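Reader: Could you take me through the spot where the ligand sits, up close? I'd like to know what holds on to what there.

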Amino acid sequence: MSGLLEKIVSIQNSALQAFNQAANSQDLEKARVEFLGTKGRLTELTRSVGTLPAEERPQAGQAANEALKTTKAAHQKALERIAETKSQKAALDVTLPGRRRPVGRQHLISRTMTEICEIFERLGFTVVEGPEVETDYYNFEALNFPADHPSRDMQETLFVGNKLLLRTHTSPVQIRTMEKRRPPVWIVAPGKTYRRDDDITHSPMFHQVEGLVVDKGITMADLKGILSAFATSFFSPDTAIRLRPSFFPFTEPSAEVDIACVLCGGRGCRLCKGSGWLELLGSGMVDPALYKFVGYDPREVSGFAFGLGVDRAAMLKYGLSNIRHLYEGDLRFLEQF
Ligand code: FA5
């Protein structure tokens, strides 16, 4: 009996030694099969306990089970040690190629906005900014929208408090600029704008670039000349524009500006619905009523203003079919630009 117990201890010790010394998974597996496999030394010894006389079985059985438990635990530990060495080795493998970090880029809207502003800067404009949360006064009243006038309905307004709203256009920057500066004024004001709109060409948050010129002797010819110079620079050198009568409370006369269809060049196609023209922006001569709000003398100066949809401009330039592509953050779309 004591011979068997000694044998158990000795096999267990040999197993522990073999597991500790195993330098790799193959060595360890060999050792496992030798001691713990179905025909392993410790397995057979444990099995042989059944052949002992009944009075010796409990003690021998307990010793064999403990040896099995200790040996299996040592095997598990050796497995973990080898796995860890493997991963450390992998971490130190200087021959592996490096992992490339994805390189970001400006969003198409930011790029378009910058491009638009740069064109106007080359034409003599400076860039100014205004707040996105506006007062009723700057967004409507000082732009000649009387309270309760139906012209306010055109701008699906998102209010954030009493007389406080998310600006529906960048035109409030016209008033803020004229309050601070004396003519001559040549500014563009890029920024975010908000309306309760949502379809394939309208987004609740979108972008505009406002333009304002107030100077001596400014006429509608200047408006058309500047916008034509912009269109040929932004789209292509032969892009034609046309002015179509319209209405804005803060310009008189007012005009929608269209560009010749970017797809068919004006012959008429599905994109321009056969008309040959695509709507680009709203514009007009500054209504002298505005000068009263900012203390300019309409007998001395005149001016024009325009409001350009940046998202619309990007859609036209790059042939985008749905404005939502710009805001879904899908890299497969964004990486094309
Ligand atoms: C205005 O917002 C005027 N403030 C423009 C203006 C400025 C006129 C100065 C005269 C003088 P309108 O509502 O048409 O006008 O909008 C101008 C442009 O913004 C549109 O041509 C369109 O390109 C774009 N736009 C309007 N609503 C949305 C929207 N929900 N999503 C994307 N673009 C929009």
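Author: Let's start with R195: one of its polar side-chain atoms lies 2.8 Å from an oxygen atom of the ligand. That is a polar contact, meaning a pair of N or O atoms within 3.5 Å; within protein, one must be able to donate a hydrogen and the other to accept it, and residues adjacent in sequence count only if both atoms are side-chain atoms. On its own the ligand exposes 680 Å², and the protein buries 94% of that (areas by the Shrake-Rupley method with a 1.4 Å probe; for residues, only the protein chains shown count as cover).

A word on the source: this is a predicted model, where local features need pLDDT of at least 70 and side-chain atom pairs count only at pLDDT 80 or more, while totals for chains, interfaces and linings use all residues. Residues are numbered from 1 along each chain as its sequence is written, and side-chain values use heavy atoms, with hydrogens and water left out.

Stepping back a bit, 24 residues surround the ligand, and H169, S171, R195, D197 and S203 are the closest (a residue is near if one of its heavy atoms lies within 4 Å). By type, that shell splits into seven nonpolar, 12 polar and five charged residues (Ala, Val, Leu, Ile, Met, Phe, Trp, Tyr, Cys and Pro count as nonpolar, Asp, Glu, Lys and Arg as charged, and the others, Gly among them, as polar). Strands β6 (205–215), β9 (277–286) and β10 (302–309) each give the shell at least two residues.

Now for some backbone details. The peptide bond from P183 to P184 is cis, with omega near 5 degrees, and P184 is in the loop between α7 (172–180) and β5 (185–194). Another cis bond runs from E252 to P253, with omega near -5 degrees; P253 belongs to strand β8 (residues 251–260). Helices (H or I, at least four residues) and strands (E, at least two) are DSSP runs, numbered from the N terminus.
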